[in-house]
Amino acid sequence: MSLNFATAKAIIDEAHRAWSVGDIEGVLRTYADDLWFQRNAVDSTSPPLVIQGKDAMGVFLRDINAKATGMAVVEAFQFHAGIGRSRVSYFLKDRETGQSHSGTYRQIVMFRGMQISRLEQFHDAARLTAFFRLIDGVPHHEGRS
């Protein structure tokens, strides 16, 4: 099987489907062992959140999943020259308080073989950080989810 639009989209869709049902191991199966992840910062003076490696990403995702349920759906996907670009709608709900957050974010996705090797996400970082501060008091752009 070669990587083309259909297979790249299937990989992205599977990652988001697995996240939406709380299957962290399913999400991680879509990632290369040496995954490089970056999420934009809250403001121009803060560094972005960077996670290196599938194991570290697993810790990050499990921490979020312990606090909040989530759902994510790819609304638009483009694939050109081996690079995917997605627009994703998502929803998070705090397991303890029921507080919720929803929005969209953009992704740039690079692949190696049939796995995601690099993932960059661009959120409304101020709103996302405010949600996590509300539910746990710790800003997520400082490396804790």
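Asp13 and Lys9 both sit in helix 1 (residues 5–20), four residues apart, about one turn of the helix. Helices (H or I, at least four residues) and strands (E, at least two) are DSSP runs numbered from the N terminus. This is a predicted model: local features need pLDDT of at least 70, side-chain atom pairs count only at pLDDT 80 or more, and totals for chains, interfaces and linings use all residues. Residues are numbered from 1 along each chain as its sequence is written, and side-chain values use heavy atoms, leaving out hydrogens and water.

**Salt bridges**
- The whole structure holds eight salt bridges (a side-chain nitrogen of Lys or Arg within 4 Å of a carboxyl oxygen of Asp or Glu).
- One of them joins Asp13 to Lys9, with the closest N and O atoms 2.7 Å apart.
- Asp34 pairs with Arg112 at 2.9 Å between the closest N and O atoms.
- Asp34 lies in strand 1 (residues 31–39) and Arg112 in strand 5 (residues 100–112), so this pair ties together parts 78 residues apart in sequence.
- Lys67 and Asp63 meet in a salt bridge at 2.8 Å, N to O.
- Both Lys67 and Asp63 belong to helix 3 (residues 54–67).

**Asp94**
- Asp94 lies in strand 4.
- Asp94 is buried yet has no salt bridge (buried means under 20% relative accessible area, 1.4 Å probe, protein chains only).
- Arg95 is the nearest side chain of opposite charge, 7.6 Å away (Lys and Arg count as positive, Asp and Glu as negative; His and the chain ends are not counted).

Note on methods: Buried < 20%, exposed > 50% of the residue type's maximum accessible area, 1.4 Å probe, protein only.
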